[in-house]
Amino acid sequence: MSGEPPRLATTRAELAEARAALDREVPDRGARPAPVVLVPTMGALHAGHERLLGAARTLAGPRGSVIVSIFVNPLQFGPAEDLDRYPRTLEQDLAMCAREGVRLVFAPSAAEIYPGGQPEVTVDPGPAGRVFEGEFRPGFFGGVLTVVLKLLHLTRPAIAVFGQKDAQQLALVRRMVTDLNVDVVIEPVPTVRDADGLAISSRNRYLSAAGRAVALALPRALRAGQARAAEGGPAVLAAARAVLRAEPALAVDYLAVVDPGTFGPAGPGPALLVAAAKAGATRLIDNVPVVLPAQDAVTGDAATGDAATGGPAADAADH
Ligand code: AMP
């Protein structure tokens, strides 16, 4: 890696200037591959983000360049969520970007992204944005897709990189890009986990040692479910549910086997076992891929998912 510090843009004007400089650097960008690759983040960069930066660097190739955006997007936080205390570590973030060969970091203020305050025109995530995370965090995906679309317009990448850790977000970004004809390729990156199995997240730092021990039931449940994939969706759910029941301190929001593209019922073939839960005040989301057998199409809500202790009705009624 170059180790050279990235250029830092904090305003749209600085970004436009720096982005134009990248085009001037590679005047025949269209003729030979020299893609600009965007990695959107909320900062507080960790080993999961680092993997995204490495993937972006590889996708960019020797002539291309990587842009990282660092923006804690108020539009995707609910009134009771952690917008004000979300970790902000710009100096360390810039150091990681330097190590990973990032050329340009865009770290704007909220006023820079939303100069008129709350935008009136926003992206509607559609039905897949109203289930699972969308049900538990109303308005979340509308906020995410609106800022992702703005960042894509502002940075004009050929490729944008997203983590499979946030699988529903990845599916919705892909759907938005298809439905709204956004000229960008979306590249997924597998989830990075700590040695104990917990998917790395900026919010893990809120966990106490005891909270972390409780949280570990989530990846344990997903692994247990994944191990039963060959037996079909109901066996996957039963195995995962048994692990979750053994850790009552983990408050499960949902557990389900879904189609990775639509987050609707999963058919035979590639699917996702998705889950969200709270360990104390810290909310965790995670998922693992499963491949369901041909004879066992998981259809209908009842077979698709449930809360740890009840069906989808209990899921909705509890929250
Ligand atoms: P965030 O800063 O949390 O908005 O995440 C920025 C990007 O990093 C998103 O595409 C996330 O899916 C991805 N990401 C976050 N944590 C991980 C992880 N543990 N493994 C892989 N990607 C991740």
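Student: Leaving aside its neighbours within four places in sequence, which residues is threonine 41 in contact with?

Tutor: Threonine 41 is in contact with His49, Val68, Ser69, Ile70 and Phe71. Contact means that heavy atoms lie within 4.5 Å. This is a predicted model, where local features need pLDDT of at least 70 and side-chain atom pairs count only at pLDDT 80 or more, while totals for chains, interfaces and linings use all residues. Residues are numbered from 1 along each chain as its sequence is written, and side-chain values use heavy atoms, with hydrogens and water left out.

Student: Why is threonine 41 called buried?

Tutor: Buried means under 20% relative accessible area, exposed over 50%, and partly exposed in between (1.4 Å probe, protein chains only). Threonine 41 has a relative accessible area of 8%, so it is buried.

Student: In which strand is threonine 41 found?

Tutor: Threonine 41 is found in β2. Strands (E, at least two residues) and helices (H or I, at least four) are DSSP runs, numbered from the N terminus.

Student: How do you know that aspartate 253 is buried?

Tutor: Its relative accessible area is 1%, and this falls under the limit for buried. Aspartate 253 lies in strand β7 (residues 250-258). Its side chain is joined to that of lysine 278 by a polar contact of 3.3 Å.

Student: Which residues come nearest to the ligand?

Tutor: Of the 16 residues around the ligand, His49, Gly163, Asp166, Val192 and Ile200 come nearest. A residue is near a molecule or strand if one of its heavy atoms lies within 4 Å of it.

Student: What distances does the ligand have to histidine 49, valine 192 and isoleucine 200?

Tutor: A polar side-chain atom of histidine 49 is 2.9 Å from a ligand oxygen. A backbone N or O atom of valine 192 is 2.8 Å from a ligand nitrogen, and a backbone N or O atom of isoleucine 200 is likewise 2.8 Å from a ligand nitrogen. The protein covers 92% of the 490 Å² of accessible area (Shrake-Rupley, 1.4 Å probe; for residues, only the protein chains shown count as cover) that the ligand has on its own.

Student: Which element gives the most to the shell around the ligand?

Tutor: Helix α2 gives the most, with three residues.

Student: What makes a set of residues a nonpolar core?

Tutor: In the largest one, of 33 residues, Val148, Leu152 and Ile186 touch the most other members. Helix α6 gives the most to this core, with nine residues. Apart from it lies another core, of 29 residues, among them Val214, Val257, Ala271 and Val290.

Student: Which residues of helix α3 are buried, and what covers them?

Tutor: In α3 (residues 90-99), Asp93, Leu94, Met96, Cys97 and Ala98 are buried. Their cover includes β1 (7-9), α2 (47-60), β3 (65-70) and β4 (104-106).

Note on methods: Polar contact = N/O pair within 3.5 Å; in protein donor to acceptor, adjacent residues only side chain to side chain. Core = buried A, V, L, I, M, F, W, Y, C linked by side-chain atoms within 4.5 Å.
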